[in-house]
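Open the model in your viewer and have the selection tool ready. Each stop below says what to select and what is there.

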Amino acid sequence: QRLCKDRVENLTLFPLYQPTCFFIPLVAPCKPLLRMTNIQSIYDVVYGLLYYYAINGLKLAKCEHCGQWFATTSFKNKYCSRKSNFPGYEHLPCEQAVRNILQRCGRTKNRIETKMRAVSYSHPNIDVFCESFCKTCDNLYYQAKSSPTKENLKNYMDFLYRTDKERGWLE
């Protein structure tokens, strides 16, 4: 079905204070809510949302962290305002959670590198461990930074914690 004129004319916008209307909850920054009448199918709801986004200059974007769609005024916004789905960071919005996770991983990486430097270079396997660690860590960091999905961040964090716990630089 196409978005035709008679479907659009049945859709009207009303502010929040009219309690008798059927309002669709939208994740949109400070815009009037959408009141829909003559809804006959789910297509009418979709047309209504697209119409609402179009007249208010909103764009649909996919959150780089949780993968959910959200309305935004600019494609510069990479993250939605929903709570993160990353374990231990569920109380934070996606953007803040990604920032905190990467910061925590950076601290763990620095701690591991400091411990590696403290080990004598006469240790027989330190060069092999350092090379392997840096290569793997750089790859995982690049993946987590360029695409901060739950899986990429978890892989990076798990690698660092596993390395810190196993203390491979002492072997």
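Start with arginine 99 and glutamate 95, whose side chains meet in a salt bridge with an N to O distance of 3.6 Å. This is a predicted model. Both residues belong to helix H3, which covers residues 94-118, and they sit four residues apart, about one turn of the helix. Arginine 99 is partly exposed, at 45% relative accessible area, and glutamate 95 is partly exposed too, at 43%. Side chains of opposite charge can pair when their charged atoms come close.

How many salt bridges does the whole structure hold? A search finds six.

Select lysine 109 and aspartate 138 next. Their closest N and O atoms are 4.0 Å apart, and the two form a salt bridge. This pair links distant parts of the chain: lysine 109 is in helix H3 and aspartate 138 is in helix H4 (residues 126-146), 29 residues apart. Lysine 109 has a relative accessible area of 21% and is partly exposed; aspartate 138, at 44%, is also partly exposed.

Move on to lysine 115 and aspartate 164, a salt bridge with its closest N and O atoms 3.0 Å apart. Lysine 115 lies in helix H3 and aspartate 164 in helix H5 (residues 150-166), so the bridge ties together parts 49 residues apart in sequence. Is aspartate 164 buried or exposed? Its relative accessibility is 14%, so aspartate 164 counts as buried, while lysine 115 is partly exposed at 29%.

The next stop is the cysteines. The structure holds zero disulfides. Cysteine 105 is in none, and the nearest cysteine sulfur, in cysteine 137, is 8.5 Å away. Cysteine 105 is buried, with a relative accessible area of 1%. For cysteine 130, the closest cysteine sulfur is that of cysteine 134, at 6.1 Å, which is too far for a bond.

Finish at helix H2, residues 42-55. Its 14 residues should span 20 Å, and its end C-alpha atoms are 20 Å apart, so the two values agree. Colour Asp44, Val45, Tyr47, Gly48, Tyr52 and Tyr53, which are buried in H2. Then select Ile42, Tyr43, Val46, Leu50, Leu60 and Trp69, which make a nonpolar surface patch of about 620 Å². Helix H2 gives the most to this patch, with four residues. Tyrosine 43 lies in H2 and is partly exposed, at 48% relative accessibility. Just after H2, glycine 57 takes a positive phi of about 70°.

Terms used
Residues numbered from 1 in each chain as written. Predicted model: local features only at pLDDT ≥ 70, side-chain atom pairs only at ≥ 80, totals over all residues. Heavy atoms only, no water. Patch = residues over 30% accessible without salt bridge, like charges linked within 9 Å, V, L, I, M, F, W, Y side chains within 5 Å. Areas by Shrake-Rupley, 256 points an atom, 1.4 Å probe, with all protein chains shown as cover. Helix = DSSP H or I, 4+ residues; strand = E, 2+ residues; numbered from the N terminus. Buried < 20%, exposed > 50% of the residue type's maximum accessible area, 1.4 Å probe, protein only. Disulfide = S-S within 2.5 Å. Expected span 1.5 Å × (residues − 1).
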